Amino acid sequence: QVQLVESGGGLVQPGGSLRLSCAASGSISSINGMGWYRQAPGKQRESVVVITSDGNTNYADSVKGRFACSRDNAKNTMYLQMNSLKPEDTAVYYCQADVRLKTGTSYFRFWGQGTQVTVSS
């Protein structure tokens, strides 16, 4: 019904930058909140940032001032610009979207498959 596809992950040196994208497709009527989450090996998944439909954001303290999240509602796409990356940012990054399908009125939460971000020298 709905697919979320992340892209832009990879290997980067400490202090470097990466830009992640999350494109939503399928039977979408509208998208409410979206977010980026990450999961490092041996750790629980944690919220990185959530963004409302009108662009208001709420960042985890660990990424404030370094990461910037935005979305293009016309393209059903969300972005995460990550600057000043640190080794502790290494994780699989997942996007999430609360989607109202064309066939109904309720919102359902969908997840992407994840993209690996590795920060290492």
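**Close-up views of the predicted model**

**A right-handed disulfide joins Cys22 and Cys95.** The link of Cys22 and Cys95 shows 55 degrees about the S-S bond. Cys22 lies in strand S3 (residues 18-26) and Cys95 in strand S9 (residues 91-101), so the pair ties together distant parts of the chain, 73 residues apart. Strands (E, at least two residues), like helices (H or I, at least four), are DSSP runs numbered from the N terminus. The S to S distance is 2.1 Å. A disulfide here is a pair of cysteine sulfur atoms within 2.5 Å. The structure holds one.

This is a predicted model, with pLDDT of at least 70 needed for local features and 80 or more for side-chain atom pairs, while totals for chains, interfaces and linings use all residues. Residues are numbered from 1 along each chain as its sequence is written, and side-chain values use heavy atoms, leaving out hydrogens and water.

Cys69 is buried, at 10% relative accessibility. Buried means under 20% relative accessible area, exposed means over 50%, and partly exposed is in between (1.4 Å probe, protein chains only). Cys22 and Cys95 are buried too.

**Four strands build an open antiparallel sheet.** The order is S1-S3-S8-S7. Strand S1 (2-7) and strand S7 (67-72) are the edge strands, each pairing on one side only. From one strand to the next, the twist averages 15 degrees. Axes are lines fitted to C-alpha atoms (for helices, over the stretch in contact), with angles from 0 to 180 degrees between N-to-C directions. Strands count as paired if DSSP finds at least two bridges between them. Six bridges connect S1 and S3 in the antiparallel sense. Gln3 has Ser25 of S3 as its bridge partner. In general, strands of a sheet pair through backbone hydrogen bonds.

**Two arginines sit over aromatic rings.** Arg19 places its charged end over the ring of Tyr79, 4.1 Å from the ring centre. The charged end of Arg45 sits over the ring of Trp111, 4.8 Å from its centre. A charge sits over a ring if NZ of Lys or CZ of Arg is within 6 Å of the ring centre and within 35 degrees of the ring normal.

**Salt bridges link Arg38, Glu46, Arg66 and Asp89 in a network.** A salt bridge is a side-chain nitrogen of Lys or Arg within 4 Å of a carboxyl oxygen of Asp or Glu. The structure holds five. Glu46 and Arg38 bring their closest N and O atoms to 2.7 Å. Glu46 is partly exposed, at 36% relative accessible area. Arg38 is buried, at 6%. Asp89 also forms a salt bridge with Arg38, with the closest N and O atoms 3.0 Å apart. Asp89 sits in the loop between strand S8 (77-82) and S9, while Arg38 is in strand S4 (residues 28-39), 51 residues apart. Asp89 and Arg38 are both buried.

**Asp98 meets Arg109 in a salt bridge.** The N to O distance is 2.8 Å. Asp98 is in strand S9 and Arg109 in strand S10 (residues 107-111), eleven residues apart. Is Asp98 buried or exposed? Asp98 is buried, with a relative accessible area of 16%. Arg109 is partly exposed, at 46%.
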